[in-house]
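Here are my notes on the model you passed along. Have it open while you read.

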Amino acid sequence: MPTVGQKLPHDSARGHVTGEALYIEDLPATVGELWVECVGSPVAAGRIAAIDVEAARRAPGVVGVFTARDLPGRNHFGPIFHDEPFLADDEVSYIGQPVVVIAAESRAAARKAAKLVKIEVVEQPALLSIDAAIAAKSWLGPLKKIARGDFDAALASAPHQLSGVFESGGQEQFYFESQAALAIPGEFGQMRVISSTQNPTETQSVVAEALGVGMHEVICECKRMGGGFGGKETQSSIPAALAALVARHTGRAARIVYGKTADMCVTGKRHAYKSWWKVAFDDEGRLLGLSVECYSNGGAFADLSTSVMERTLFHLDNAYYLPAAHVTGQACRTNLPPNTAFRGFGGPQGVAVIESILQEIAEKLGLDALDVRRRNLYRDGDETCNTTHYGQVVRDHVLAETLSELEKSSDYRLRMALIEEFNARHPTLVKGLALTAIKFGISFTTKFLNQGNALVNVFMDGTVQVSTGGTEMGQGLNTKIRQLVADEFGLEIERVLMLTTSTEKSINTSPTAASAGTDLNGAAALEACKQIKERMVAYAADVFAAQNKLPRDPAQVRFAENFVSDARLADPAARIPFGEFCGRARRERVDLGARGFFATPNIHFDFEAGRGNPFFYYTTGAAVCEVTIDRFTGEMTFDRADVLMDIGQQINPGVDRGQVIGGFIQGVGWVTNEELRYDDRGALLSNGPTTYKIPNITDLPPVFNVNFIDNPKHTINVGRSKAVGEPPLMLGIAVWCAAKHALSFMGADQSSGSRSLRIPATGEELLRCISAMPTPVADCTLGP
Amino acid sequence: MRDHLVFYLNGCRQQVGDSRALLTLAEFLRQEQGLTGTKVVCAEGDCGACAVLMGRPEATSQEDGDLVYRAIDSCVALLFQLDGCHVVTVEGLACGGKLSPVQQAMVDCHGSQCGFCTPGFVTTLHGLVETQSHHEPLTSVGGGLSAEALRYALSGNLCRCTGYQQIIEAGESINLATTPRLAELYPDPKLKSELFATVKDDVALAPQNGASPWQVFAPSSLEAALEWRAKHPQAKIVSGATDVGVQRNHGKLELAEVLVLNRIGELTEISVTDGVLHLGAGATWTAVEEAVRELLPEYHAVLTRFGSPQIRNFGTIGGNFVNASPIADSLPLHFVLDAELELASMRGVRRVPITEFYRGYKQIDLAPDELLVGIRTPLPVENERVKLYKISKRRDMDISTVTAAIAVTLEGKTISRARIALGGVGPVVLRMPAVEEFLTDAELTADTMREAGKLARQAIKPLTDVRGSGDYRLQLVENLLAKSYFDLQEVSAGSAPLPR
Ligand SMILES: Cc1cc2nc3c(=O)[nH]c(=O)nc-3n(C[C@H](O)[C@H](O)[C@H](O)COP(=O)(O)OP(=O)(O)OC[C@H]3O[C@@H](n4cnc5c(N)ncnc54)[C@H](O)[C@@H]3O)c2cc1C
Ligand code: FES
Ligand code: FES
C-alpha cells in the first residue's frame, strides 16, 4: 500500500513523546567537554577601547578566554555580503554583539566568569529606527525596484486615490530550542560540528573560514532542531564558529547553548517595515495602480536583508492584479542585531500592505471588502489580468474557486449582516470580519539555491537509508521523504530510515528554507531512487526471464508490498521478497546506492530589468477570520477562523495540516500580540516569554476550520504536491484585517481610527486607535 | 529531625542531603539523573516545556491514602521543596514498554512537530487525566476530555510549531477509561507509605563537611518554622518558589539560607466563618481557585488566568502577597474588601489591614521574625457588587498591565458605598479615595462612571514599561471605570461575568 497521501505520524514523534529524541543540549557529554559562553557588546554603537578579561581568566573552572585575535581564519562572514565579524575587534554595532568567548568546565563557571569581563567602549550615537536610518541614509545594499506601466498616469486619471504609511513590527522566531552547537575536534585540526542549523553547508563553510581550514576538514551535522523558522538559516553559524574556536584552541569538545533571553537579545528577527504607499482605483474598487516604497530595519549587518526585501517586492501584489505598479525597497542599516529569515521571508510585510489597502478601499467606497478583493484577483488564463508586476504569469491556480468556496463554507454574508447588527447595538464590544488571500511564490529568489542532493543506500537485507541536504526542524521533511522513498521501492515505511543530515553525505547544499525543503530534497531523493531502480530493474528483468522462461521485459518489473515482481506472473509465489532480491542483486554486483541531484527547472530572474519567472509555482489560499474587540480596553478575542488552501496533492495530510495550522497561528501572533519593545539604547526589553507573548492555546479561535481545495490543474513538482511551510503564515493577516474592519465601525474618523492601525494590533495599539490618544513615542511601542 | 530529603523519581527512591538540594528540579533531572526528556526553554515558568508531575499527600487525599499528582514547572521548583513527593517525568509515563495512551494520542494526531515542547504537553495532559479521578469531571460526552477542559489545562504550555489544534485533537481522542492513572502505573505500596510517613518530619539540610556554607530548614509545623525564623532572620523564605525560583535563575538571588514553608499543612487551610474568608498563606492558587468558585466568581475568573496551571499548582497566595508586586492579580479584590493579613512570630499573631501592609514599592510591614500565615477577607454583603479586571497583553499566562477592582454597595440605584483599587499604576496597589467619595451617594449611571474614570485618571501617574505605556494605562483606568457601569449591571458577588 502506498504511503504517500497517508497521515503517517511524524518520523520522530515517538521520541518526542517519550523524551528520547535528543537535541544538542541533551547529548551526553564527552570527557573533558567545555561549556562556552559569549560576552557581547554592552552598547549599540561605538569603538572598543579596552577588553579586560583577566578576572574572567582567573575565575574558577575557566579554561580559556578568547577574542577576535584568537581566530585562526578570517574574521568576516555573511551569506550575501561578507560584512559581519564573528567577534568584534574594533567597532561594535549592536548590543550583545559577540566580543569575548569563555570556555569553562561547567556552564555555571562559564556564566560566572562571563560577568567578570569588562568591555570598555567609546560610545557613538546609535541608529535604531527606520526613520533614523532614512534620515542618515544608512543603507544595506542597493535600492531594489520593480515597475510596470505608468503609475503616475494611472494615479492622475483614476477616479479615486488613497495614500498612507504602513508599519509592521518585527517578530522573534521563538524556536523552542535556542541556538546551540557542539564542536568536537578531530585529528590534524579537523572539526566536527553538531549544530542546530537549517544550513549545514553554510555552517561548514563559515566554521572552515573562521578556523582557516578547507571545507573538506569540517563536518557539520544536524539530526533535528527544536524549531528553526528561518532563525537558524544563517545565524546558527555564529555559535557553531565560537564553539569550534574553543575546540580548536583547547583540543577539547566544546558546547554552546544560548539561554533564551540571550538568544532573543542577540539574534536577528523578522524585519520591521515602514512603507509609504499610494493607490489608484475605480468606483468598483478595482486597482488601477499601486506605488509602494518599502524600508526595512535590517540591523547592523546585511545577513539576508536584501534577499528578504526582494521577496517583499515580489509579494506586494499578493493575489491581486496590478495594472500599473512602481515598488521599491531599501534595507536600512541600524544598530540592532542583524535581522534575518523568518517564515515568509519578507512576504508577509508585502502581503500585509496590499491587504490593508484593499480593506481601506472597501471602507472608502462603502463596498464589501471580499467583493473588492474578488474583483482584483488574478484570473487564470485571462491575459488581461494574469501577469505579475514582475512579468510572471500566474497560472493553474484556483484562487477564484477558493474565495467562492470559503464565502459559502464560512457563512460570510450572513455573519457580516449579523456583525453589523451586533455592532449597532452592543455597548461594550465591536466585531469585525475579513477575508484575506495568499499567493506565495515557491523557489528561492536566488536562483542557484534551487538545488538539492540526496543519498540513498539500499542494503542487502532490503532496508534503506536516506540522507538529504534538508534538515528536520519539525516540519516533517524527513517523514515526507521517507514516504516518497518507501513508495518508490514499494516498501513498508519501517524499512526506510532517515539519517542525520550531514555534510559528509550531502554536499554544497542549500538551506532548508523557502518552503522548498521537500520540493528540492524529495525530488533529489527520488532521483537517487530512480538510478538504483534502473539497475534493479535491469537485473530483475534478467532474473524473471531466466526463472520463468519469459522474454526479458524490464517494463514488466514491479516494486510493491515489499516484493519485486513481474507483472506477467500472476502467481504470488513468483514474486521475490525485496530483501532477498537485494541480497541476490549484491551478489551479482549490482550497485544499490546512489546520489540524486535536483535543480528546479524554468526559473530565472533579471534583477536589473525587474523581469522574469522567479518562481516555479505558487501556493495559494485564503482565510476568513472574525474578532471581537472591547471598545473600552482594546482587548481582542479571536472568535472564528476558516482556512482553505491549495497545496496540491498532499504527501502527508497530517503533517501538511500541522504546517498550515502552525504557520497560520504564527502569523496571527505576528499581527496581534508579538511585540518587540526596545529601550532607547537599543536593548530588547521583551526578551523572554514573560514579556514577549506568542499565541497561547487559549488564543485559538473556538471555531477553527482548516480545509484543502482540489487543484487538478497543478501537475508539476514532486508527487504533484505544493510547498506548504510559509504560505499559511500570511493568512494570519486576516485577523488583523478583521480588527481593522471592527475599528471602522467605531466612528473613528479616517485619519486617526482604523487607518492608522499598525502591526501588531496589541490591545494597546487598538486602544490607541480607538481613542486616538497621543501616539506613544515610536521607539517605545513598535520597536525601531 | 531528618538531615536529607526523601522523594521518589519515576518510582525510584531518592535521598539527597548535599548541596544538590539547592538545584532546581530541572537541573537535577537533566544534570544529575540524565533525564533529558524534560526540556528547559525559558527557566522562568513561562512556557511549560519543563513540566513534570509532582505527587504528594494533600489534605483532601489523606483519607484514601493516594498521592495527588499535579503538573508543575520543574525549572522554577527547587529540589529542597520536594521532600515527600513523587516526581514523574516524561520518561516515567510509558506503560509496560508501550507508549501511554496520552503519548500514543500525541503521536497519532500529529501533536508534535519539532518536539521540544512535547514532553511538557505529555506530562501536563497526564496531570489533567489525574484530576479527572479526584475532582468533578470536566469531561464531555464519550468519556473524553473536552476542548474547553484541554485549553484550560494546557494554557501553561506554549508551543511554537503546531498551532495547538492537533494537540487539542490528541487530547480529545484520549480515552479516560483506559488511561492508567499514576497510582496504577506506580502501585508499589512502599512508595506511598514512605512518602506519607515523611509528612511529620522536620528536615534540616546543611553541608556535611564545612564546604561553602548553606542551610535549608523545611519544617512540618508552623511552630518549628517560627522558632527557626526567630533565630535566622536573614534566611530566605520559600513557599512555592514561583517568584523565588525565577529570581534565582536570573541570578538576582543566591539561595544559601532557606526556610521552606510548603510542607506545613496548617498553613494551607481555607475556611469561611461569619462571612469572613480565611485563606492560609500556604494555600496554593489551585486550592484557592477551587474554594472561591462559588463564593467569589469574579475572583475565580481572574484566578483562572493567574499565571498558568503549573504555577497555580505550586505557587501560594502568601508568596504572592509578600512578593508585593503592584500588578499581583490577587490584590485588588482584597483591597476593596478590606482584608486583613495575619502575621505570626514567636511573639504572637498580629493583624494588619491590607492597605497598611504595603508601604511602598516592595516595602511591606513584615518584621524579620514574622511569617505571613493567613489572609482574612470579609465576603461581599447582599447588595454589594464587585467587578474585577485583569488587562494583559495576552489573555492567559501573562502578567497584568493594569488590574482593577470596583466594589459598590447599592441602595436601589444609589451607590451607598464605593471602593476602588487599581494595580499597575503605582508602586503599590492603590485605593482611590477621591473617586470613592465622588461615587458615594451618587446614582449608578453611565455618566457617573465615566466621570469617575476621569477622576481616577487624574489620581495616578503610571509608568511606561515593557508591558505598556503610561498613556495606555491612564486610558485603561479611565475606560475601565466607564465600562464598569455596564459590567456592574451584570455582576454581583454571586453571578458570572458578562459573557463574551
Ligand atoms: C510564569 C509565571 C507567571 C506568573 N503569573 C502571575 C500572575 O498572573 N499574577 C500574579 O499575581 N503573579 C504571577 N506570578 C508570580 C507568582 O507566581 C506569585 O506571586 C505566587 O503567588 C508566589 O507564590 P510562591 O508561593 O511561589 O512564592 P515564593 O516564590 O515562594 O515567595 C515569594 C516571596 O514571598 C516570600 N514568602 C513566601 N511565603 C511567605 C510567607 N508565608 N511569609 C513571609 N514571606 C513569604 C518569599 O520569601 C519571597 O520573597 C507568576 C509567576 C510566574 C513564574
Ligand atoms: S522552562 Fe519554561 S516553564 Fe520551565
Ligand atoms: S512542537 Fe515545536 S514547540 Fe511545540
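1. A word on classes before we start: Ala, Val, Leu, Ile, Met, Phe, Trp, Tyr, Cys and Pro count as nonpolar, Asp, Glu, Lys and Arg as charged, and the others, Gly among them, as polar. On that scheme, the shell around ligand 1 splits into 15 nonpolar, 13 polar and five charged residues. This is a predicted model, where local features need pLDDT of at least 70, side-chain atom pairs count only at pLDDT 80 or more, and totals for chains, interfaces and linings use all residues. Residues are numbered from 1 along each chain as its sequence is written, with chains lettered from A and ligands numbered from 1 in the order in which they are written.

2. Who sits around ligand 1? There are 33 residues, counted when the C-beta atom, placed from the backbone, lies within 6 Å of the ligand. The closest are B:Gly45, B:Gly240, B:Gly307, B:Gly319 and B:Asn320. Helix H13(B) gives the largest share, five residues. Helices (H or I, at least four residues) and strands (E, at least two) are DSSP runs, numbered from the N terminus.

3. Ligand 1 lies between domain 1 (5-91 + 196-260) and domain 3 (265-378) of chain B, because both give residues to its shell. Those bounds come from an automatic or database domain assignment.

4. Now the contact between the chains: 65 residues come from chain A and 60 residues from chain B. Contact here means C-beta atoms, placed from the backbone, within 7 Å. On the side of chain A that touches chain B, H17(A) gives the most, with seven residues. By class, that side of chain A has 28 nonpolar, 28 polar and nine charged residues.

5. Have a look at strand S12 (residues 254-257) of chain A. A:Ala254 and A:Ile256 on one side and A:Arg255 and A:Val257 on the other are all buried, meaning 20 or more other C-beta atoms, placed from the backbone, lie within 10 Å of their own. S12(A) pairs with S1 (residues 34-40) of chain A in the parallel sense over two bridges, and A:Leu34 has A:Ala254 as its bridge partner. Strand S9 (residues 180-185) of chain A runs antiparallel to S12(A), joined by four bridges. Pairing takes at least two DSSP bridges.

6. Finally, chain B overall. It has 18 helices and 20 strands. Its C-alpha atoms fill a box of roughly 70 × 55 × 40 Å, taken along the principal axes. Buried residues make up 56% of the 500 residues in chain B.

Technical notes
Buried ≥ 20, exposed ≤ 12 C-beta atoms within 10 Å, placed from the backbone. Contact = placed C-beta atoms within 7 Å.
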